[in-house]
Amino acid sequence: MSDKKSFLDEAGMNTRLSHIGNDPTEFHGFVNPPVVHASTVLFPNARTMETRAQKYTYGTRGTPTTDALCEAIDALEGSAGTILVPSGLAAVTVPFLAFLSAGDHALIVDSVYFPTRHFCDTMLKRLGVTVDYYDPMIGAGIEALIKPNTKLVHTEAPGSNTFEMQDIGAIAAAAHRHGCVVTMDNTWATPLYFKPLDHGVDISIHAATKYPSGHSDILLGTVSANETHWDQLKEANITLGICGSPDDSYQILRGLRTMGVRLERHQESALNLARWLEEREDVARVLHPALPSFPGHDLWRRDFKGASGIFSFVLKVDSAEQFKPKAHAFLDALRLFGLGYSWGGFESLAVHVGLSDRRICKAPTEGPVLRLQIGLEDVADIRRDIEAGLAAAAAV
Ligand SMILES: *Cc1c(COP(=O)(O)O)cnc(C)c1O
């Protein structure tokens, strides 16, 4: 196995995705790890029980199934350790609770996933933590916003729904000069296309609900820490009693095996459609970091190895009164696309994005923002469906 491990360390991404995590020789040669359902773990004698001197001690502290997934995620993230939590949102809130205390201040990117903002504005506020939102394009300028009590800087790139890029390396360097923890919600890129810890981030957050799951049927979050922050993260995980279930962990490990090839297809189809939409008269703008026209594209090209399958476009309309009727006409004419939240699954989804929560990155004024998750269907069919939506919007 040690031979295999060193082979994998130097192997390509799809090879690693096919083999990381579990070790079949530990389970009688079965290719996949068993799904261990557990609360109680038995000890052979009182002495072992008292000292807890064995690998597994209780269900909340890990099983062979959750360990297999954590090891796979560590291999992808280059992290010292990974915790599993029941949702992507918990993957944000648990590290916030791990590293923030009453009297602290946190800096949160303004293009953040909305439920993260809600957590900051309600529960963090109630616990005595103050928060300021910052411009995603701020880069090294974040230093001017850091106060003596700033303890955490949260990044997310590209931003939710509008896909603003961030100079993660510059932000992390400035934050570290002041002793702040740097967290990043890396759900869009996955560790295949961006490895946060290589760019100075301390805590990498992932909604495994999205691409690792890939099938719109699992909720799970992963939080991965570098060496310096691992003990404190793990301690919070144990203290809160928030853990991922064995069944869900098994399914996410299964999803990882095909995530590389799925992402290649998501990327190719989404870019194909983004380029096509950009040429259309009825589209004001396409918000996709891999398009050269997109502000922040240079950061994407410098730091990221690829793009995933979700982006937005701004429909061109004549007046503010037309925003909602045209957006709804577009959505209601779609037959292939489902109208639903989340993304990363095999099927295409569309949503009219609300941006009223934004303080700095205001909503585009040219028209409504429509977010498309491009699934694994044939791209010609997806295009045909979008064409029908655009025709319906034009008829309003
Ligand atoms: C979906 C999402 C989450 C939350 O994941 P859930 O499992 O749905 O709670 C967190 N961050 C980002 C960027 C997301 O897109």
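What we are looking at is a predicted model, in which local features need pLDDT of at least 70, side-chain atom pairs count only at pLDDT 80 or more, and totals for chains, interfaces and linings use all residues. Residues are numbered from 1 along each chain as its sequence is written, and side-chain values use heavy atoms, with hydrogens and water left out.

Let me begin with the ligand. The residues around it, meaning those with a heavy atom within 4 Å of it, include Tyr-113, Glu-156, Asp-185 and Trp-343. A ligand oxygen lies 2.7 Å from a polar backbone atom of Gly-88, and a ligand oxygen is 2.9 Å from a polar backbone atom of Leu-89. In the case of Lys-210, an N or O atom of the side chain is 2.6 Å from an oxygen of the ligand. On its own the ligand has 380 Å² of accessible area, of which the protein covers 90%, by the Shrake-Rupley method with a 1.4 Å probe.

Turning to the sheet, 5 strands, each a DSSP run of E with at least two residues, form an open, mixed sheet in the order β8-β9-β12-β11-β10, where pairing requires at least two DSSP bridges. Because β8 (283-287) and β10 (338-339) are at the edges with a single partner strand each, one side of each has no neighbour in the sheet. Strands β9 (residues 310-315) and β12 (residues 369-373) pair in the antiparallel sense over 5 bridges, and Phe-313 stands opposite Leu-370 in β12.

Methods: A polar contact is a pair of N or O atoms within 3.5 Å; within protein, one must be able to donate a hydrogen and the other to accept it, and residues adjacent in sequence count only if both atoms are side-chain atoms. Helices (H or I, at least four residues) and strands (E, at least two) are DSSP runs, numbered from the N terminus.
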